[in-house]
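Please look over the sequence and the model first.

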Amino acid sequence: MFARTVFRASKVATPSQIARASLPKVARATFTASTRRCTPPEVIAEKEVMQSSYSGGEVQRSTIIVGEEASQKVSPLTQNVYNTMPKTMQSLSLMGKTVVVTGGARGLGNSIAKACIEAGAKNMILFDANQELGDISAAELHEQTGSTIPIDFFKVDVRDAGAVESGMKAVLEKYGAPDVLINSAGIADSNIPAETYDLEMWRRLIDINLTGSFMVSQAVGRALMAENKPGSIILVASMSGSIVNYPQEQSCYNASKAGVIQLGKSLAAEWAKYGIRVNCISPGYMDTALNNVPALDAQKKIWKSLTPQKRLGAVDDLNGLAVLLASDASAFMTGSNVIIDGGYTLY
């Protein structure tokens, strides 16, 4: 059925939580093969996105063409097809695995979620801070898969420890510890000189990109340990964690992603004894909606000119690597940071 339920975590309050009357509510949308009782959120599929940019007393208007991938069918890997696959290809699948994707309502996270389903994921759970986008994305994904895969969406802001705990508690009650966690939630601030960077902006970005990745990883790691179950955790970092970008100034973003890379290595070292693998994906410049704005046109020309492949990464360019790291084919791979940037960091 399609349900919207509130989950609360029950635990002894810490001093910082006493000031709150209760742990935050976590809104949840669930889609299963038997979803029939209520009509899911309407799936909107616009062909164009109109944009207005105001700067210096002037306005620039532009039209962004919505990619065809937004409405493409997602074909889940079936057991019958899996049974006919060679052993190597089976090891590259996610057959029967439960996957959690943070930042899964849009962009890179949503694309990776679709790839995991095509690779055989049995259950898909999306965490995202945007309620409207999350509901629509979950409904759309359920429709695109032919209503064959259970899809759960939880409105979780990864900065909120209570929301993370409540959401994960609900996941554990329904599915047990997830086999795979993909930490894709993140934001970027750029073109801000370090000497003028606002401290509250700094804290917000670090809390989402670094602290949020830690809290969700910690929750999944604890669950896997409690069930004595192996698992794979993937952190979406950035090449910016290994280099300083040009020409934009973005000290906070670079620092946050460097922290994510080191977090991944540290967790990999600590949790290897539990059979939990932790790896990082570090994308280069990606052609996402966040970068598809007129204000970045001049910089994008520079980015492309400095990239040997002379292009930005497509939204689905990370999918294959994410599936590999989530699958048993990478069973001896942990603590790695894989840069996928079209060759940008070669120079």
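Predicted model: local features only at pLDDT ≥ 70, side-chain atom pairs only at ≥ 80, totals over all residues.

Residues are numbered from 1 along each chain as its sequence is written, and side-chain values use heavy atoms, with hydrogens and water left out.

The protein has 10 helices and 11 strands; helices (H or I, at least four residues) and strands (E, at least two) are DSSP runs, numbered from the N terminus. Of its 347 residues, 47% are buried, where buried means under 20% relative accessible area, exposed over 50%, and partly exposed in between (1.4 Å probe, protein chains only). Among contacts (heavy atoms within 4.5 Å) between residues at least 6 apart in sequence, 74% join residues at least 24 apart.

Helix α7 has 28 residues. From its first C-alpha to its last α7 reaches 38 Å, close to the 40 Å expected at 1.5 Å a residue; the expected span is 1.5 Å times one less than the number of residues. At Asp207, α7 bends by about 40°, the bend being the angle between axes fitted to the seven residues ending there and the seven starting there. After α7 comes Asn228, with a positive phi near 50°.

The structure holds seven salt bridges, each a side-chain nitrogen of Lys or Arg within 4 Å of a carboxyl oxygen of Asp or Glu. One of them joins Lys229 and Asp179, with the closest N and O atoms 3.3 Å apart. This pair links distant parts of the chain, 50 residues apart: Lys229 is in the loop between α7 (199-226) and β9 (231-236), and Asp179 is in the loop between α6 (161-175) and β8 (180-183). Both Lys229 and Asp179 are buried.

Asp328 and Lys97 form another salt bridge, with 3.5 Å between the closest N and O atoms. These two residues are 231 apart, Asp328 in the loop between α10 (319-326) and β11 (337-340) and Lys97 in the loop between α3 (87-91) and β5 (98-102). Asp328 counts as partly exposed because its relative accessibility is 49%, whereas Lys97, at 14%, counts as buried.
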